[in-house]
Structure formats: structure tokens, C-alpha cells
Amino acid sequence: MSVQRLYTPEVLAAAVSLAKYPLTPDLAKRGSARSASCGSRIELGLALDADERIERVGLASHACAIGQASAAVFADAAKGMRKLDINTARDQIALWLTGEGEMPGWPGLDLISAARDYPGRHGAMLLAWNAACDALAD
């Protein structure tokens, strides 16, 4: 698989789209994650509604285009999800990345599916889910 196929215009556009999700001080639930394989990192903030569902997401990403596009995929679909949804999705994505599971049904995940063939990118792909799990842990 070529790097050109990995960094498609759609992936690069998703990476740039993170500007829609600024990490603002009013996002009370905070989490962070770092990829051991590449050093990419992300800071995430969440606002929850009265039912403990994600109402708003903010991100500060210091990651490759795949990590940023993955964070955009997370943010685009996270609204309305609960802690259990996020934890389950993270576990399913991690299993899928190992080749032992089917691609989870998280909306937009197909955008970054080519990166599955690059194990060095797996940590970056999970950053947003890991940071959200951190934010929702308390």
C-alpha cells in the first residue's frame, strides 16, 4: 500500500477539520493520550449533558495527519454518546487494528481504514478514544 493512498485528500481534509473543535476552558471533562509508537499526543475536553451524554468535544492535537483525521472521525460522531459507548468503541477499534475483529460501526472509520496496514500508526489512530476514556474515567 502506498503512502499516497494513506494520505488521501479526504484524510488531509479531515485532519484540517479539527479546527471545528477548539479545546476551550469550559469543557470540564479533560483527558489526554500519547502514542508510544510515534509520540503523537492529544488533549481532549468534553461537555456532557444532564444524561451524561457527550454534548460537545474540543481537541488539541499534536499528531500526524492520520492521528488528526482519526480525532476528527471521533469528534464528528461522539455527540450523544455515553462513557460505555466510547469504551466499547475504543476496545473494538483496538481489536480491529490487531486483525482479530471486524471494522467497528463507528461512523466515518472507513476514512482511516487504510492506516490499519501501518502498525506504527495504530497508536495515533486510537488517541481520541483513549483521551475520551481518560476524560470519562472519573
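Helices (H or I, at least four residues) and strands (E, at least two) are DSSP runs, numbered from the N terminus. This is a predicted model, in which local features need pLDDT of at least 70 and side-chain atom pairs count only at pLDDT 80 or more, while totals for chains, interfaces and linings use all residues. Residues are numbered from 1 along each chain as its sequence is written, and side-chain values use heavy atoms, with hydrogens and water left out.

**Exercise 1. Find the place of A36 and say whether A36 is buried or exposed.**

Step 1: Look between β1 (29-34) and β2 (41-48); the loop there holds A36.
Step 2: Recall the classes: buried is under 20% relative accessible area, exposed is over 50%, and partly exposed is in between (1.4 Å probe, protein chains only).
Step 3: The relative accessible area of A36 is 74%, so A36 is exposed.
Step 4: For a sense of distance, take T88, which is 52 residues from A36 in sequence and 21 Å away in space, C-alpha to C-alpha.

**Exercise 2. Describe the place, phi and exposure of E52.**

Step 1: E52 sits in the loop between β2 and β3 (54-62).
Step 2: Its phi is near 65 degrees, a positive value in a residue other than glycine. Most residues other than glycine have a negative phi.
Step 3: With a relative accessible area of 48%, E52 counts as partly exposed.

**Exercise 3. Check the span of helix α3 (residues 65-78) and say how many of its residues are buried.**

Step 1: The expected span is 1.5 Å times one less than the number of residues.
Step 2: For the 14 residues of α3 this gives 20 Å, and the end C-alpha atoms are 20 Å apart, which agrees.
Step 3: α3 is mostly covered, with 12 of its 14 residues buried; among them are I66, V73 and F74.
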